[in-house]
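Please read them with the coordinates open.

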Amino acid sequence: MIPKWLTNVFNALKPIGLNVVGVTDGQPHQSLLPDCQSAVVFGNGGTALWDHFIEDLKAQPTHLSQHQHPFDDFVKRSIETADPNPPKSRRWIRCAAEPEAFVDFRPLAESAGLGFSSTMGLLINPEYGLWVGLRAVLLTTEKLPRLKAVQGNSPCQTCTDQPFITACPAGAVQA
């Protein structure tokens, strides 16, 4: 069963575009949170997060000039609003924003069932394709149930024409 505090977090973050969420085993991350049992991975699919970020900038234009990383700060403010003052049994880590707490989000998101590893090394989601941004992980000492994960195999395994390879003028991607 999903605890009420996590349902509240989901309900606060989904409308602003953190709408791709999965849960995986947190034990590999016990160096970042002692006794970690679960990792909740948050990403955005589609344009909703960017749309809300633009609205935030329109309402507060100084966010663009007064913040070194305005988009990351928007995500941080959104998380802090959704989960104010989390107990020591929870720790948020934002993708590429906390160098002292490195987490490789690609395999973490795949383990959480958010998508598959694509030929290009990016996460590919059945609904949003490659238009998925991995934004944060919530580590917790609570054992959480897995959420509905993507099913089947990566669409890259059945794609025969691989148009991204022929479309790349630099030949940067090989099959």
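1. A salt bridge here is a side-chain nitrogen of Lys or Arg within 4 Å of a carboxyl oxygen of Asp or Glu. Arg106 and Asp104 meet this condition, with their closest N and O atoms 3.6 Å apart. Arg106 is partly exposed at 45% relative accessibility, and Asp104 is partly exposed as well, with a relative accessible area of 33%. The model is predicted, and side-chain atom pairs count only at pLDDT 80 or more. The count under the salt-bridge rule comes to four.

2. A second salt bridge to look at is that of Lys58 with Glu55, at 3.7 Å from N to O. Both residues belong to helix H2 and are three residues apart, about one turn of the helix. An α-helix has 3.6 residues a turn, so residues three or four places apart point the same way. Lys58 counts as exposed, at 59% relative accessibility. Glu55 is partly exposed, its relative accessible area being 47%.

3. Which residue forms a salt bridge with Arg77? The partner is Asp56, and the closest N and O atoms are 2.7 Å apart. This pair links distant parts of the chain, since Arg77 is in helix H4 and Asp56 in helix H2, 21 residues apart. Arg77 counts as partly exposed at 25% relative accessibility. Asp56 has 17% relative accessibility and therefore counts as buried, the cut-off for buried being under 20%.

4. Helix H4 covers residues 70-82. Its 13 residues should span 18 Å at 1.5 Å a residue, and the end C-alpha atoms are 18 Å apart, so the two values agree. The buried residues in H4 are Pro70, Phe71, Phe74, Val75, Ser78, Ile79 and Ala82. What covers them includes helices H1, H2 (48-59) and H3 (62-66), together with strands E3 and E6.

5. The sheet is open and has four strands in the order E1-E2-E6-E3, with antiparallel pairing. Strand E1 (20-25) and strand E3 (90-94) are the edge strands, each pairing on one side only. Neighbouring strands of this sheet are turned by 20° against each other on average, direction ignored. Helix H1 (residues 4-13) packs on the sheet and touches E1, E2, E3 and strand E6 (132-140). The direction of H1 makes about 15° with that of E2.

6. How many bridges join E1 to strand E2? There are six, and the two strands run antiparallel, with E2 made up of residues 38-45. Within this pairing, Val23 has Val40 in E2 as its bridge partner. Strands of a sheet pair through backbone hydrogen bonds, either parallel or antiparallel.

7. The structure holds six aromatic pairs. One of them is the pair of Phe42 and Trp92, which is tilted, with 5.2 Å centre to centre and 40° between the planes. Phe42 lies in strand E2 and Trp92 in strand E3, so the pair ties together parts 50 residues apart in sequence. Phe42 counts as buried at 1% relative accessibility, and Trp92 counts as buried at 12%.

8. Is the pair of Trp50 and Phe71 stacked or edge-to-face? The rings are stacked, with 4.0 Å centre to centre and 5° between the planes; planes under 30 degrees apart count as stacked. Trp50 is in helix H2 and Phe71 in helix H4, 21 residues apart, and the pair links these distant parts of the chain. Trp50 counts as partly exposed, at 32% relative accessibility, whereas Phe71 is buried, with a relative accessible area of 11%. Ring pairs also link Trp50, Phe53, Phe71 and Phe74 into a cluster.

9. A last point concerns a cysteine in a loop. Cys156 is found between E6 and helix H6 (163-167). With a relative accessible area of 18%, Cys156 is buried. Leaving aside residues up to four places away in sequence, Cys156 touches Ser118, Thr119 and Gln162. Thr119 is 37 residues from Cys156 along the chain, yet their C-alpha atoms are separated by 6.4 Å.

Definitions and conventions
Residues are numbered from 1 along each chain as its sequence is written. This is a predicted model: local features need pLDDT of at least 70, side-chain atom pairs count only at pLDDT 80 or more; totals for chains, interfaces and linings use all residues. Side-chain values use heavy atoms; hydrogens and water are left out. Two strands pair if DSSP finds at least two bridges between them. Axes are lines fitted to C-alpha atoms, for helices over the stretch in contact, and angles run from 0 to 180 degrees between N-to-C directions. Contact means heavy atoms within 4.5 Å. Buried means under 20% relative accessible area, exposed over 50%, partly exposed in between (1.4 Å probe, protein chains only). The expected span of a helix is 1.5 Å times one less than its number of residues. Rings of Phe, Tyr and Trp (its six-membered ring) pair if their centres lie within 6.5 Å; planes under 30 degrees apart count as stacked, over 60 as edge-to-face and the rest as tilted.
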